[in-house]
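Open the structure in your viewer and keep the selection panel at hand.

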Amino acid sequence: MITFKPFKAILPQPKHAKSVAALPYDVFNRNEAKIEVNDKPFSFLRIDRAETNFDNTIDIYSDKVYQKASSLLQTWIEDGILIQDSLDSYYLYELSIGDHTQTGIVGLTSVNDCVNGLIKDHEKTRTDKRLDRVKHIDQCNAHTGPILMFHINENHFDQQIDQIKNRTTPIIDFESDDRIHHKVFRINHKENIELISNYFNSMQNLYIADGHHRAAAAKQVAMDRNQDISDLSVSSNLFLSVIFPSNQMKILDYNRVIKDLNGYTPKQFLSEVEKSFTILEESTSPIKPINKGQFSMFIDSKWILLDYKFKNQLLLPIDKLDVSILQNTILDPLLNITNPSTDTRIDFVGGIRGLNELERRVNTDCKLAFALVPTSIQELIDISNLGQLMPPKSTWFEPKLRSGLFIHLID
């Protein structure tokens, strides 16, 4: 049984929502974040990445940074930029771009469900990034960014939510600069709250799609503060989540760029790659891979479409993942990138940026790029159900949620 509860969210005043809403903190590096908040005094990134309020002599993990995040949050609440609701509510969060629309439900999930394995993850977290969010939560006494989750849609529940949404007037409605339309609906009628609560209470599992470090940090804060993490009357035992039906989720490719060839010349490197891959096509124009087990490689000013020769020999779901094939056949044995989550020679590029961004990186600060076929929702479910962890940066979900639209204060 999954715990999912309504709460009294802190939200921006509708007239401030567009200026407050910000992309997740981990989309940016430090310099990008500073540029992003320039001339945006109420961007929530100033709270989520409070080092943007200081010059670069201040360490991003300095106590001053977290204290600034807390003081800004309190100031914005006192000044009425952010306002807390008076009634426990669920919230529907609709994101639309082009012909794609997805609607998630915002509420509180249980740390205890994470510990007991009812909320399943698929990605290993880094200690430094987890501790950063622990300090942020501790100093602000708040969860400031929702964890993106999904459920396996049953009994046409998504259609029931759409019916509720269609009868409700949005309290927040704006289009962000990247042309994503954001709507928020407050749901606090008793029968609707019971419908949502009962649906999730009958569920066996939820799946974390994005926000593993925030979820891990929320769990650590709860365990540090409370002897009994199953006590749902304690606010820090619950954390902020937005849950979408799996059939509405959209995963893009998450591509790789490499800064050197580990001593190989391009010709030598390609010769080694051909021991495991068949070359299907070569071109000076970008080639987008379509089939599983295929990769587009950009090297020496040309694109090469590769097909893995030994796909049929792979038995385990984790080994069949394209990110695993790439890691196990090229990144580790040829390029000596054994731990891609910490190796500075590799970088990751979300598919939203397109293949031209891979070319740009190779032509500036890298030597090699790989474009992958997106990981599927079913692959994510299968791996999570087995209790296994995918290689880092296996999934890139779009559209991105905005931080600052929902805040959960904790004791």
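The lining of the second largest cavity has six nonpolar, one polar and four charged residues (nonpolar: Ala, Val, Leu, Ile, Met, Phe, Trp, Tyr, Cys and Pro; charged: Asp, Glu, Lys and Arg; polar: the others, Gly among them). This is a predicted model, where local features need pLDDT of at least 70, side-chain atom pairs count only at pLDDT 80 or more, and totals for chains, interfaces and linings use all residues. Residues are numbered from 1 along each chain as its sequence is written, and side-chain values use heavy atoms, without hydrogens and water.

Select Pro24, Pro146, Leu148, Asp210, Arg214, Phe397, Pro399, Lys400, Leu401, Arg402 and Ser403: they line this second cavity. A cavity is a set of points, on a 1 Å grid over the protein atoms alone, where a 1.4 Å probe fits but cannot get out; lining residues have an atom within 4 Å of a point. Its volume is about 90 Å³, the space filled by probe spheres set on the points, with grid points joined across faces, edges and corners.

Next, the largest cavity, about 130 Å³. Of its 15 lining residues, Arg133, His143, Thr144, Gly145 and Arg214 lie nearest the centre. Colour helix 6 (127-140), which gives the most to this lining, three residues. Helices (H or I, at least four residues) and strands (E, at least two) are DSSP runs, numbered from the N terminus.

**Then the strands**

Select strand 10 (residues 181-187) and strand 4 (residues 90-97): seven bridges join this antiparallel pair. Strands pair if DSSP finds at least two bridges between them. Leucine 92 has phenylalanine 185 as its bridge partner.

Finish at arginine 179, in the hairpin of strand 9 and strand 10, with a positive phi near 70 degrees.

How values were computed. On a 1 Å grid over the protein atoms alone, a cavity is a set of points where a 1.4 Å probe fits but cannot get out, and a pocket is an open set with protein on both sides within 12 Å along at least five of seven lines; lining residues have an atom within 4 Å of a point.
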